[in-house]
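Try each task before reading its solution.

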Amino acid sequence: MKPANILVLAGDFVEDYEIMVPFQALQMVGHTVDAVCPGKRKGEQVRTAIHDFEGDQTYSEKRGHNFTLNATFAEVDPATYDALVVPGGRAPEYLRLNEKVLDVVRHFDREGKPIAALCHGPQLLAAAGVLKGRKLNCYPACAPEIGLAGGTFVSLEMTDAMIDGNLVTGPAWPAHPAWLAKFLHVLAAHLEQDAAA
């Protein structure tokens, strides 16, 4: 696959696995991955949270690693990126209050570029108004927001993911293998289409 430029939207208490695994895995297969956070610069860190499934009515939350950003949000031009990754955790619930973040999401949707969102990540997509008529998955507790935003929540196993056009979604980090594989499939098709245009 042709190397792509991928943007990752992060914030404090992003889910640890959901930022670190795609950040490293996408670089491993040859892509350039820029992780940014509003209000923070390249070299600064976000704190992460570890969400686990331990038999309670919802996930448990523990302090995770510090994650070092490798790009500056204020300097990002979405037009220079081929795809967007939106990890879950606590970050999406407050990042969706930032109009510049929502504009970034809207750019990728408007241009038909691949968007991979996991767990609570679709909260950003709902707030950006890009889910009307779309079918997607997310952490089940976010399903009502999908419906309110005009989308259709599709229930999946915790290890599965799904594609709807340029959108790749899954329920949480146990879906990483399926979610990343489907994202790479959508990304490859997008890059081929761009090359042919």
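**Exercise 1: Helix α3**

Task: compare the span of helix α3 with its expected span.

Solution. Helix α3 covers residues 99-110, which is 12 residues. From first C-alpha to last it reaches 16 Å, close to the 16 Å expected at 1.5 Å a residue. The expected span is 1.5 Å times one less than the number of residues. Helices (H or I, at least four residues) and strands (E, at least two) are DSSP runs, numbered from the N terminus.

This is a predicted model: local features need pLDDT of at least 70, side-chain atom pairs count only at pLDDT 80 or more, and totals for chains, interfaces and linings use all residues. Residues are numbered from 1 along each chain as its sequence is written, and side-chain values use heavy atoms, with hydrogens and water left out.

**Exercise 2: Ends and cover**

Task: find what caps the N-terminal end of α3, what follows α3 and what covers its buried residues.

Solution. Start at the N-terminal end. Asn98 is the cap: a side-chain oxygen lies 2.9 Å from the backbone nitrogen of Lys100. Next, go past the helix. Gly112 follows, with a positive phi near 70 degrees.

Now look at burial (under 20% relative accessible area, 1.4 Å probe, protein chains only). Val101, Leu102, Val104, Val105, His107 and Phe108 of α3 are buried. Their cover includes β1 (5-9), β6 (83-86), α2 (91-95), β7 (115-118) and α4 (122-128).

**Exercise 3: Cysteines**

Task: how many disulfides (cysteine sulfur atoms within 2.5 Å) does the structure hold?

Solution. The count is 0. Cys37 is in none; the nearest cysteine sulfur, that of Cys119, is 18 Å away. Cys37 is buried, at 4% relative accessible area.

Definitions and conventions: Buried means under 20% relative accessible area, exposed over 50%, partly exposed in between (1.4 Å probe, protein chains only). Contact means heavy atoms within 4.5 Å. A polar contact is a pair of N or O atoms within 3.5 Å; within protein, one must be able to donate a hydrogen and the other to accept it, and residues adjacent in sequence count only if both atoms are side-chain atoms. A disulfide is a pair of cysteine sulfur atoms within 2.5 Å.
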